[in-house]
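Subject: Structure handover: pockets, cavities and backbone details

Hello,

I am passing this structure on to you. Please open it and keep it in view while you read the notes.

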Amino acid sequence: MYKQLRPAARSSVRQLATGGTLGLMLLFAAHGANAKVLEPGFIITKENLASVKNDTFEGKTIASMIPEKLEWMITNYGLTIKIANSKKIEMDPKYVEATKKWSKEVKFNPADRTISGWKAGMPFPPETIKMDDPHAGDKVIWNLRAATYGATMDLRDIAWVFLDAKKGYERVQAFQSRRYYMEGRLDGGPISVGDGDISQKTYFVAHYPQDIRGLGTFSVRYNQPDSAKPDDSYAYLKSVRRTRRLSGGAWMDPIGGTDQLYDDWDIWDAWPTKYTQNKLVEKRWVLAIAHSPEISVDTAQPWSEPQKRFPRINMAEPPFANPAKDVEWEPREVYVVEGTPPAEHPYSKKVAYIEVDFPRPYLGYALDRKGEFWKMFIFQNRPDTGDDGYKAVMPVVGHIIDVKRGHATNWSSNMKSNPKGVKDTDVSLNVLEEVATGAGSR
């Protein structure tokens with residue numbers, strides 16, 4: 001608290017220090033008398049941030065819940081934060097039970113930072129993650145990358161909106177996509193599918209606008225916890241009806257022409273072992289979007305009205321890339337993990353803010369190879385119920401903001417878990433080609 005005082009107040013502290021505890025208590029009481037308790041619905045802006053830093057919400061100061069880079073976004077990038085009371089989020093009973101049943105069988109190998117014995121649920125429950133554990137960061141990322149969506153993630157209506165910070169909306173690209181988990185499945189069927197070689201499979205197929213319709217990618221992530229075997233990635237070009245295999249480093253490449261790397265999907269999409277080190281920096285409270293409004297993409301609205309079609313992105317005023325002003329932020333307790341990518345990666349550091357109670361990232365940022373602030377990640381999450389009743393917390397809007405270039409690519413999706421009737425064979429290279437040929441019809 002001493003550091004938060006103005007210079008004059010600091011001088012008073014030094015003068016009163018010899019007056020003992022009573023003098024200090026009187027001074028801090030006087031200082032605290034100027035602080036207010038903010039009400040839900042209050043909007044933090046660059047104009048009022050300095051004056052509300054010492055005010056509190058749910059017993060925590062505003063300053064303590066706004067990390068450095070988020071404060072930078074408020075003061076330099078026009079971000080506004082409408083605060084709301086935090087709400088408890090319950091994970092699906094199947095996920096909770098799987099964690100209780102099988103997490104005790106999970107083993108972490110410090111020699112290569114891999115895990116073994118995981119079947120489903122959270123590999124490392126919060127009570128087992130210790131701040132003084134040098135491998136705690138790896139364990140948090142293993143939790144994040146283990147299947148939390150049940151069995152299949154249906155990225156319904158997903159679209160990337162390209163935005164210039166000064167000029168606004170540029171264009172949109174819409175896709176059809178699914179990710180099928182081969183292990184850790186919680187849909188009432190087998191927990192694992194196949195022979196154990198594959199961890200997950202994902203396809204993306206563009207269906208709007210017409211000039212990219214039919215372009216697609218398919219990726220296979222192998223069950224190689226040490227990352228010794230790279231992902232298999234393929235691109236399909238409808239114009240020549242040909243599939244091309246991509247390099248093993250595709251996970252570090254941008255998704256199409258967006259500002260987002262494949263590694264940035266879900267803020268952090270790589271196995272922890274693909275990074276040379278993952279450090280658990282701290283456990284703290286932050287303001288985050290955990291209950292994004294119900295509709296992320298309003299498919300009843302025309303493509304020509306992007307603000308109406310993608311209502312959770314503020315495209316009404318510069319810098320055009322922030323969450324909409326009516327989206328609420330609430331206090332959430334998070335782990336802060338700092339990852340060091342390999343030398344060939346575009347980033348020198350990536351930092352993610354990940355929920356403590358369940359593995360969902362809310363915020364993140366990346367530094368370039370010079371160590372300078374490059375990209376900000378603000379993800380809107382929402383508790384949701386899948387087609388089969390499975391309860392999961394889904395990322396539904398991702399703000400990927402290149403602060404150096406003054407550009408952003410924000411994706412939105414009405415994401416669901418466990419769509420009915422999806423089988424292993426429905427997410428494959430052959431299906432990619434079929435869907436790409438008749439893009440949008442499947």
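The notes below cover the pockets, then the cavities, then some details of the backbone.

The model is predicted.

The largest pocket holds about 460 Å³ of space. Its lining is made up of 22 residues, and those nearest the centre are Lys 88, Ile 89, Met 91, Asp 357 and Phe 358. H5 gives the most, with four residues. Sorted by class, the lining of the largest pocket has 10 nonpolar, nine charged and three polar residues.

The second largest pocket has a volume of about 370 Å³. Leu 215, Gly 216, Thr 217, Gly 256 and Tyr 262 are the closest to its centre, out of 21 lining residues. Four strands each supply at least two residues of this lining: E9 (168-181), E10 (198-208), E11 (216-222) and E12 (232-237). The most come from E12, which gives three residues. The lining of the second largest pocket divides into 14 nonpolar, five polar and two charged residues.

Cavities

How many cavities of 30 Å³ or more are there? The count comes to three.

The largest cavity has a volume of about 290 Å³. It is lined by 22 residues, and Ser 219, Asp 231, Ser 233, Tyr 262 and Asp 269 lie nearest its centre. The strands E10, E11 and E12 each supply at least two residues of the cavity's lining. E11 has the largest share, with five residues. The classes in this lining are 11 nonpolar, six polar and five charged.

The second largest cavity has a volume of about 50 Å³. There are 13 residues in its lining, and Val 140, Asn 143, Tyr 335, Glu 355 and Val 356 are the closest to its centre. Helix H6 (136-145) and strand E16 (349-355) each supply at least two residues of this lining. By class, the lining of the second largest cavity has 11 nonpolar residues, one polar and one charged.

Backbone details

Which residues are joined by a cis peptide bond with omega of about 0 degrees? They are Tyr 208 and Pro 209. Pro 209 lies in the loop between E10 and E11. The peptide bond from Pro 318 to Pro 319 is cis as well, with omega near 10 degrees. Pro 319 sits in the loop between helix H7 (306-309) and E15.

Asp 157 is in the loop between strand E7 (152-154) and strand E8 (159-164). Ile 267 is in the loop between strand E13 (242-245) and strand E14 (277-288).

Is Ile 267 buried or exposed? Ile 267 counts as buried because its relative accessibility is 0%, and the cut-off for buried is under 20%. Asp 157 has a relative accessible area of 35%, so Asp 157 is partly exposed.

Regards

Note on methods
Residues are numbered from 1 along each chain as its sequence is written. This is a predicted model: local features need pLDDT of at least 70, side-chain atom pairs count only at pLDDT 80 or more; totals for chains, interfaces and linings use all residues. Side-chain values use heavy atoms; hydrogens and water are left out. On a 1 Å grid over the protein atoms alone, a cavity is a set of points where a 1.4 Å probe fits but cannot get out, and a pocket is an open set with protein on both sides within 12 Å along at least five of seven lines; lining residues have an atom within 4 Å of a point. Grid points are joined across faces, edges and corners, and a volume is the space filled by probe spheres set on the points. Ala, Val, Leu, Ile, Met, Phe, Trp, Tyr, Cys and Pro count as nonpolar, Asp, Glu, Lys and Arg as charged, and the others, Gly among them, as polar. Buried means under 20% relative accessible area, exposed over 50%, partly exposed in between (1.4 Å probe, protein chains only).
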